[in-house]
Amino acid sequence: MAETTEFRVYNTMNQQKEIFKPVVDGKVGMYVCGVTSYDLSHLGHARAAVSFDVLYRYLQHLGYEVTYVRNFTDVDDKIIRRANELGENPLTLSSRFCQEYLNDMMDLHCLLPTHQPRVSDHMDQIKDMIAQIISHDCAYTIDGDVYFAVDKSPNYGRLSGRKLEDNRAGERVAVDSRKRNPADFALWKAAKPGEPSWDSPWGPGRPGWHIECSAMSAHYLTFKFDIHGGGIDLIFPHHENEIAQSCAACQESNVSYWMHNGHVTNNNEKMSKSLGNFFTIRQISDMYHPLALRYFLLGTHYRSPVNYSIAQLDIASEAVFYVYQTLQDCEDALSSFQEVNGPKVSVTKAAQECIKKLQTDFQTKMSDDLSTPYILNASLQEALRFINNSLNMLKKKQPKQQKLSAVLSLAELEKEVKGVLSVLGLLSPLTYSEVLQQLKGKALKRAGVIEDDILHLIEERALARKNKDFSRGDQIRADLSLKGIALMDVGKDTIWRPCIPVPVEQEPQVVPVQVPVPVEQEPQAVPVPVPVEQEQQAPAS
């Protein structure tokens, strides 16, 4: 592995950053809780996926061989309810939305995990683990149901920091008087009429929500692995219960690092389906390029809440356009030069310093618990500005040797920028020009116009200016800028490009605006949702 700064991650278990040391040198086992597949995924799901995709990419960048497991919950109360509403088989419905989720992940440039297990395919592993827990006297059966006895878990609450006696029953679900303790949770649910079920030693039924992740993580990664991740809302009860039941099944069970991403909020309220304040990934990517959505999510540290707003998506879209326009301009400039390597051609000192700073910042900030906002808002912007300044200098007359050094410098810097974008998942497999066209297409859609409309207005503006009707020319430009379309006069020609929509009295902004995130501010310790009676199903989000 390459020599790098020590990688530090925030461990929810200990509420602090810790140096990352895998169980097996050079290898990493990572399990991330996936979606309950009964509907299209929303922005909160995108946040989790992108956060852990960056972790996956960065671990690979550091040279680790990573086994990344992300599950699908395809057996659940909500799936059954939705299937009944639609008159569809629950497993068929769930399979369909699993595929829709994968389509969204592809759009967001999330790499495929090593394994994507589904609950319905792992019933044997789940039943075996439940049997182990029962054999260790940590669970009990009642009328075909199997419950975990939280009283048998001496360290229950160590992840969330909650004490067992703090749990208040009856506030989220009805109290089941059959339980020995109101906080006991279902490992196996007895079959009900019209629901899918599987045979088991305790009678036909299906698994509770929490047991599935314990069983599947142990199956693919063993009982001892490196990273378990998920959204902040999973700390309690889901991950707390995972720890309890995994340790009950195997005393040696241990996850080295628990990592959790913050909520996506809408008007500072958690975005979720149950609250009806969510936007699906499809709804957003219909109007904004998926790279803009990914950039928006990475503009806030993964542990901090990120507040959804159209304004922030506009800023992110503008930033992505600036990145790709800069790279396109660089590629165009370099294409006119042949091989420039030679004994007297070297990267300029200024370019060497810029490259070194980008490398150092990237390594230092990413190794500090994945500080992506700093990379996007500072380091990357500095490199792009250097490229643009160098491109302007290249247009001026200068000695051949100096020009060739500038060209080589641009080529090396472009390579470095692409490397950073790749690890962040922001480098498209398409050409720069193709991405720019896609971004322009989204801008046209948001503006409610087609390109012919803009070209017609450009001609009208040119005629108005020719006739010295400057007020009309200015009005055309201002009207378009309100819609997020900037007109730019380049020599005798006028071109258009997307911009951040601005009021009439302002000039349209065509340079990237920094996402207003305090990059050096330490995210707060992960708060834990106040629990009540244990849920027996996945969260509504």
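Figure 1. Y156 counts as buried, because its relative accessibility is 9% and the limit for buried is under 20%. The model shown here, as in every figure below, is predicted. F236 is buried as well, with a relative accessible area of 3%. The ring centres of Y156 and F236 lie 6.3 Å apart and the ring planes meet at 75°, so this pair is edge-to-face. Y156 sits in the loop between strand 6 (145–148) and strand 7 (185–190), while F236 belongs to helix 6; the two are 80 residues apart, and their pair links distant parts of the chain.

**Figure 2. The cis peptide bond from F236 to P237.** Most peptide bonds are trans. The bond that joins F236 to P237 is cis, and its omega is near 5°. P237 is a residue of helix 6.

Figure 3. Helix 6 consists of 15 residues, and the distance from its first C-alpha to its last is 20 Å, close to the 21 Å expected at 1.5 Å a residue. The helix is mostly covered, with 14 of its 15 residues buried. H238 is found in this helix, which runs over residues 235–249. With a relative accessibility of 1%, H238 counts as buried. Which residues are in contact with H238, leaving aside its neighbours within four places in sequence? They are C33, W209, H210 and C213.

**Figure 4. Strand 9, helix 6 and strand 10.** These three elements make a right-handed β-α-β unit. Strand 9 (residues 224–231) pairs with strand 10 in the parallel sense, over 7 bridges. F225 has V255 of strand 10 as its bridge partner. Strand 10 covers residues 254–261 and is mostly covered, since 6 of its 8 residues are buried. In a regular strand, side chains alternate between the two faces of the sheet.

Figure 5. The search of the whole structure finds 13 aromatic pairs. In the pair of Y58 and F362, the ring centres are 6.1 Å apart and the planes are at 80°, so the pair is edge-to-face. Stacked or edge-to-face is decided by the angle between the planes: over 60 degrees counts as edge-to-face. Y58 lies in helix 1 (residues 43–61) and F362 in helix 10 (residues 349–366), so the pair ties together parts that are 304 residues apart in sequence. Y58 and F362 are both buried. Ring pairs also join these two residues with F7, F20, Y64 and Y257 in a cluster.

**Figure 6. Helix 15 and what covers it.** Helix 15 has 13 residues (470–482), which should span 18 Å at 1.5 Å a residue; its end C-alpha atoms are 18 Å apart, so the two values agree. Its buried residues are G473, I476, A478, L480 and S481. The cover over these buried residues includes helix 14 (451–466) and strand 14 (485–490). After helix 15 comes G484, which has a positive phi near 90°.

Figure 7. Most residues other than glycine have a negative phi. Q15 has a positive phi, near 55°. Its loop connects strand 1 (8–11) and strand 2 (16–19). Q15 counts as partly exposed, because its relative accessibility is 36%. The phi of D143 is also positive, near 50°. D143 is placed in the loop between strand 5 (139–142) and strand 6. Is D143 buried or exposed? D143 is exposed, with a relative accessible area of 65%.

**Figure 8. The whole chain, for orientation.** The chain holds 15 helices and 15 strands. Of its 541 residues, 55% are buried. Among the contacts between residues at least 6 apart in sequence, 78% join residues at least 24 apart. The accessible surface of the chain is about 23,800 Å², and carbon and sulfur atoms account for 50% of this area.

Technical notes: Residues are numbered from 1 along each chain as its sequence is written. This is a predicted model: local features need pLDDT of at least 70, side-chain atom pairs count only at pLDDT 80 or more; totals for chains, interfaces and linings use all residues. Side-chain values use heavy atoms; hydrogens and water are left out. Helices (H or I, at least four residues) and strands (E, at least two) are DSSP runs, numbered from the N terminus. Buried means under 20% relative accessible area, exposed over 50%, partly exposed in between (1.4 Å probe, protein chains only). Contact means heavy atoms within 4.5 Å. Accessible areas come from the Shrake-Rupley method with a 1.4 Å probe; for residues, only the protein chains shown count as cover. The expected span of a helix is 1.5 Å times one less than its number of residues. Two strands pair if DSSP finds at least two bridges between them. A crossover is right-handed if, with the strands pointing away from the viewer, the path from the first strand over the helix to the second runs clockwise. Rings of Phe, Tyr and Trp (its six-membered ring) pair if their centres lie within 6.5 Å; planes under 30 degrees apart count as stacked, over 60 as edge-to-face and the rest as tilted.
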